[in-house]
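Reader: I am new to this structure and would like to go through it with you step by step. Could you set out your terms as we go?

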Amino acid sequence: MAGLKFAVSMQHIPTWLDPDNANISAALLLAGCSSSSPLIPGIFLISMWYEKYTPTYSPEQVDPGVTAAIANIVGNAHLGVRVGYFGICVNTDGGAWICSNNATALADGVSIDQDPLNLIWVASTFKDAVVFPYLLIVAIILAFFTFILLATFPGWHEERDRLTGSDVDVKPFPSRPVSQIALALIFISSIFVLVSVLWQHTASVAASTIAQDLGNGSVKSGVGTSAMVLGWFGFVLLIIVTIGLLVMILSIIVLDRLTDGD
């Protein structure tokens with residue numbers, strides 16, 4: 001039964017359990033708008049840009065005519081701003097995005113006519129006062145340690161079957177304490193990512209809605225689809241790893257009891 005115990009164990013250790021896949025998603029999310037490299041400006045939490053459109057009127061508006069005053073202030077501005085966890089990107093002419101973690105430096109390169117409502121300042125305030133990247137950073141570190149623990153799991157090797165005398169490929173069970181520590185780390189990492197993504201999603205939608213309402217008829221805003229997809233995708237991957245480790249540990253416990261009984 002010992003040979004059976006070793007051989008069967010591998011059926012309960014999925015080889016695709018790799019927390020680094022989630023780490024890549026989280027790292028890309030954190031890197032959004034941090035540089036002007038290709039694709040990086042396309043990963044953002046929220047964007048705001050000047051655009052003339054038909055304003056929304058409502059009985060709840062005390063002064064509906066303020067939209068005309070804002071439109072006069074905005075004039076022909078076409079600037080767009082995107083916000084990431086560690087940077088801000090600005091586009092003044094519809095061409096390439098200029099990204100930096102220093103909002104002051106970006107504002108110095110923009111004229112009053114290009115940003116009459118101070119969208120760069122609004123974006124900087126959102127990044128500094130609302131965005132909180134540290135839960136994601138801790139989650140990446142915990143997932144990395146989980147990967148290191150998974151790398152210590154024993155690999156395949158050949159053993160002589162005492163019953164048949166033939167060589168068989170077997171793989172011993174991983175250490176139960178190591179497996180449990182890995183499960184605890186990846187579970188905590190999953191919780192941190194969930195909290196961070198919920199925070200990110202809620203804050204981005206709220207800020208986007210308020211910004212567009214305040215600039216009614218002259219300012220539009222939106223939530224970054226790529227950032228949301230990366231955040232939730234990373235969380236799903238971590239949950240899959242967590243469930244896989246839990247199933248592996250429970251399966252090993254069951255097999256231990258079966259083989260001990262025999």
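Author: A disulfide here is a pair of cysteine sulfur atoms within 2.5 Å. This is a predicted model, in which local features need pLDDT of at least 70 and side-chain atom pairs count only at pLDDT 80 or more, while totals for chains, interfaces and linings use all residues. Residues are numbered from 1 along each chain as its sequence is written, and side-chain values use heavy atoms, with hydrogens and water left out.

Reader: Which cysteines form the disulfide, and which hand does it have?
Author: The structure holds one disulfide, and its partners are Cys89 and Cys99, whose sulfur atoms lie 1.9 Å apart. The torsion about their S-S bond is about 100°, so the disulfide of Cys89 and Cys99 is right-handed.

Reader: How many residues apart in sequence are the parts that this pair ties together?
Author: Strands (E, at least two residues) and helices (H or I, at least four) are DSSP runs, numbered from the N terminus. Cys89 lies in strand E3 (residues 88-91) and Cys99 in strand E4 (residues 98-100), so the parts tied together are apart in sequence by 10 residues.

Reader: Which residue of E2 is the bridge partner of Ser47?
Author: Two strands count as paired if DSSP finds at least two bridges between them. Strand E1 (residues 46-50), where four of the five residues are buried, pairs with strand E2 (residues 80-83) in the antiparallel sense over four bridges. Within E2, the partner of Ser47 is Arg82.

Reader: How far apart are the end C-alpha atoms of residues 229-255?
Author: An unreviewed UniProt entry lists several spans as "transmembrane region", including residues 229-255; UniProt positions are given in the numbering used here, feature names are shortened, and annotations may be inferred rather than shown by experiment. In the model, residues 229-255 are 100% helix and 0% strand, and their end C-alpha atoms are separated by 38 Å.

Methods. Buried means under 20% relative accessible area, exposed over 50%, partly exposed in between (1.4 Å probe, protein chains only).
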